[in-house]
Amino acid sequence: ENALVVLLMVFLVLRRLDTHPPAVHGIFSWLGHLISYALRRWALILSVVGIWLYIYLAVIIEEIPLPNIGKSRFLYIWFWRHRLSCAQSKHWIPTIFLAHEVLHAKPTPCHNINIFEAIFQIDVLLTAVLVLLPRRLSALLSALTFIPLARCGSVPDDGPPARSIDYLPVGLLTVAIANGLPKAATLAQWRWPI
């Protein structure tokens, strides 16, 4: 499930920020750190996204024919209709930069890329906020914003692909729980009465 991937990604971001907190001394330092972080994350994801886009646009149908494409609604929609839409430069260029949803206000028509885009956007957004806020305050604000976002976003089983906002509540809940609870080392130091 994609929600579990978002949960794991946010947990790893929290763990990295706990062990290696960035030195941020002002708005320009924060902005520089955020841009650097976003570019590094984008470079890591680019190889997977680029290879999949090449396979999706140039190999499938062109080199590997799908003879039953007309019989299956899924194959027709994703490997014919959406593929033609994805091949347009107005869609594949923002998709390469993982910014299609930001620019077009809807998920990319390129098959399977929307989850990478959602993970990237949630990662950068939560990192930007977590670098600025103390641990407990980030937990409180995440818990408060979780409730309204959980109501407006829902990951669909069938139908249109999920948007980034559909996975944001999972990330916020992870921040609220992980930063709201005391660390294990703190709990181990407490002495419980017998």
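Colleague: How many helices and strands does the chain have?
Modeller: There are 9 helices and 0 strands. Along the sequence the pattern reads α-α-α-α-α-α-α-α-α. Keep in mind that this is a predicted model.

Colleague: Thanks! What percentage of the residues count as buried?
Modeller: Of the 194 residues, 38% count as buried. The accessible surface of the chain is about 11,900 Å², and carbon and sulfur atoms account for 68% of that surface.

Colleague: And the contacts, which share joins residues at least 24 apart?
Modeller: That share is 64%, taken among contacts between residues at least 6 apart in sequence.

Colleague: Now the inside. Which residues touch the most other members of the largest nonpolar core?
Modeller: Those are Val10 and Ile122, in a core of 38 residues. At least two core residues come from each of helix 1 (2–19), helix 2 (27–59), helix 3 (73–86), helix 6 (113–132) and helix 8 (164–180). Helix 6 gives the most, with 11 residues. As a general point, nonpolar side chains tend to be buried together in soluble globular proteins.

Colleague: What does isoleucine 122 touch, then?
Modeller: Leaving aside residues up to four places away in sequence, Ile122 touches Val6, Met9, Val10, Ser164, Tyr167 and Leu168.

Colleague: Switching to the outside: which residues form a nonpolar patch on the surface?
Modeller: Leu137, Leu140, Leu141 and Leu144 do, with about 350 Å² of accessible area together. Leucine 140 sits in helix 7 (residues 135–152).

Colleague: Let's do backbone angles. Where is alanine 105, and what about its phi?
Modeller: Alanine 105 lies in the loop between helix 5 (100–104) and helix 6. Its phi is positive, about 60 degrees, although it is not a glycine. Most residues other than glycine have a negative phi.

Colleague: Is alanine 105 buried or exposed?
Modeller: Alanine 105 is exposed, since its relative accessible area is 68%.

Colleague: What about asparagine 112?
Modeller: Asparagine 112 has a positive phi too, near 70 degrees. Asparagine 112 is in the loop between helix 5 and helix 6, and it counts as partly exposed because its relative accessibility is 39%.

Colleague: Last one: which residues of helix 4 are buried, and what follows that helix?
Modeller: In helix 4 (residues 89–96), the buried ones are His91, Pro94, Thr95 and Ile96. Helix 4 is followed by leucine 98, with a positive phi near 55 degrees.

How values were computed
Residues numbered from 1 in each chain as written. Predicted model: local features only at pLDDT ≥ 70, side-chain atom pairs only at ≥ 80, totals over all residues. Heavy atoms only, no water. Buried < 20%, exposed > 50% of the residue type's maximum accessible area, 1.4 Å probe, protein only. Helix = DSSP H or I, 4+ residues; strand = E, 2+ residues; numbered from the N terminus. Contact = heavy atoms within 4.5 Å. Areas by Shrake-Rupley, 256 points an atom, 1.4 Å probe, with all protein chains shown as cover. Patch = residues over 30% accessible without salt bridge, like charges linked within 9 Å, V, L, I, M, F, W, Y side chains within 5 Å. Salt bridge = Lys/Arg side-chain N within 4 Å of Asp/Glu carboxyl O. Core = buried A, V, L, I, M, F, W, Y, C linked by side-chain atoms within 4.5 Å.
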